Amino acid sequence: MAIRLLPPVLVNRIAAGEVVERPAAAVKELVENAIDAGASRIEVVLKEGGQALISVADNGAGMTPDELALAIERHCTSKLPDDDLSHIAALGFRGEALPSIGAVSRMRIVSRPPGAANAWEIAVEAGAKHAPVPAAHPPGTRVEVRDLFFATPARLKFLKTPRTERDLAVDMVRRLAMAYPAVAFNVTGDEERVLLRLTATAEGSPAIARRARLAALLGRDFAENSIEIDAERGGFQLTGLAGLPTLNQALCATNCSSARCAAPIRTCWRATATRWWRCFSTGPRRRSTSMSTRPRPRCGFANRAWCAG
Ligand SMILES: Nc1ncnc2c1ncn2[C@@H]1O[C@H](COP(=O)(O)OP(=O)(O)OP(=O)(O)O)[C@@H](O)[C@H]1O
Ligand SMILES: [Mg+2]
């Protein structure tokens, strides 16, 4: 058999298998993009668990028509301005999410930077890209993903019931929302059912805002029976709340679920509070940290000592 370079549509579809394995993964990528765009309000709509429609709208920085055309190309990102992989300050940086999602769905992005005279819209269907056209939309961006995996039917077989997929997607938003109390989140499902509503808590100190957001997500009991954590070691900063063992329900709010990630976090909180259990970190990755969610969630620290244990 002759070796050949695969056509870009196929390359994107193969890559999509790693980036978007289910609706919750697409929701994660789109909400992360909205957070990276500086949004203070994010609206998510899920139809049939996200398989029929995922819509993520934000009031962030928006994109010009030229940027829209680039955003759906692989390895195009605005988040590595100096090509320095050890200095990542955003949730994304690979430039893979949008082209991957567009390769396996019918995707439409409508966007308008604040101050622009009008919005522009671009569509991708199973990897086939259209040119940007003028559209009507307020400042910000809305990404609509319809018929996820219609272009890769084998993937559909691995999806669980719409209800389970919906719950996984909402859980993903809840995890991200923990770390961003200044952002309001709204998630609605079929028949406009409200699945999650979180108001922004931008007033007061970051610690007060965090506590209010966690009370909304984990309950008043957790907020009232937890202590503040703010520790720094070797360039890795951990902030958050640690709750009582009896309220053992807090989660790691970074987008990394790796066991390796737990070691530095554990060391950090041991130094802070020995009698308390479970904590979560918040905020963007620091200079010394690089994370990847592919092919498996894993986390690498510039200082290898953090990964011991
Ligand atoms: N909601 C949004 N608002 C403004 N710009 C956006 C938005 N979503 C995407 N973009 C732009 O499109 C680019 C491509 O997005 P995409 O998610 O594919 O890649 P990324 O976020 O750079 O990296 P990753 O693949 O790791 O998520 C982004 O770098 C950003 O410039
Ligand atoms: Mg992204």
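The shell around ligand 1 divides into nine nonpolar, eight polar and five charged residues; here Ala, Val, Leu, Ile, Met, Phe, Trp, Tyr, Cys and Pro count as nonpolar, Asp, Glu, Lys and Arg as charged, and the others, Gly among them, as polar. Please note that this is a predicted model, in which local features need pLDDT of at least 70 and side-chain atom pairs count only at pLDDT 80 or more, while totals for chains, interfaces and linings use all residues. Residues are numbered from 1 along each chain as its sequence is written, and chains are lettered from A and ligands numbered from 1 in the order in which they are written.

Of the 22 residues around ligand 1, those that come nearest are Asn33, Ala37, Thr77, Gly92 and Ala97, where a residue is near if its C-beta atom, placed from the backbone, lies within 6 Å of the molecule. Helix 2 and helix 4 (97-103) each give two or more residues to this shell, and helix 2 provides the largest share, three residues. Helices are DSSP runs of H or I with at least four residues, strands are runs of E with at least two, and both are numbered from the N terminus.

I turn now to Leu53, which lies in strand 2 (residues 53-58). Is Leu53 buried or partly exposed? Leu53 is partly exposed, because 19 other C-beta atoms lie within 10 Å, whereas a buried residue has 20 or more and an exposed one 12 or fewer, with C-beta atoms placed from the backbone. Leu53 and Glu144 are 91 residues apart in sequence, yet their C-alpha atoms are 6.9 Å apart in space.
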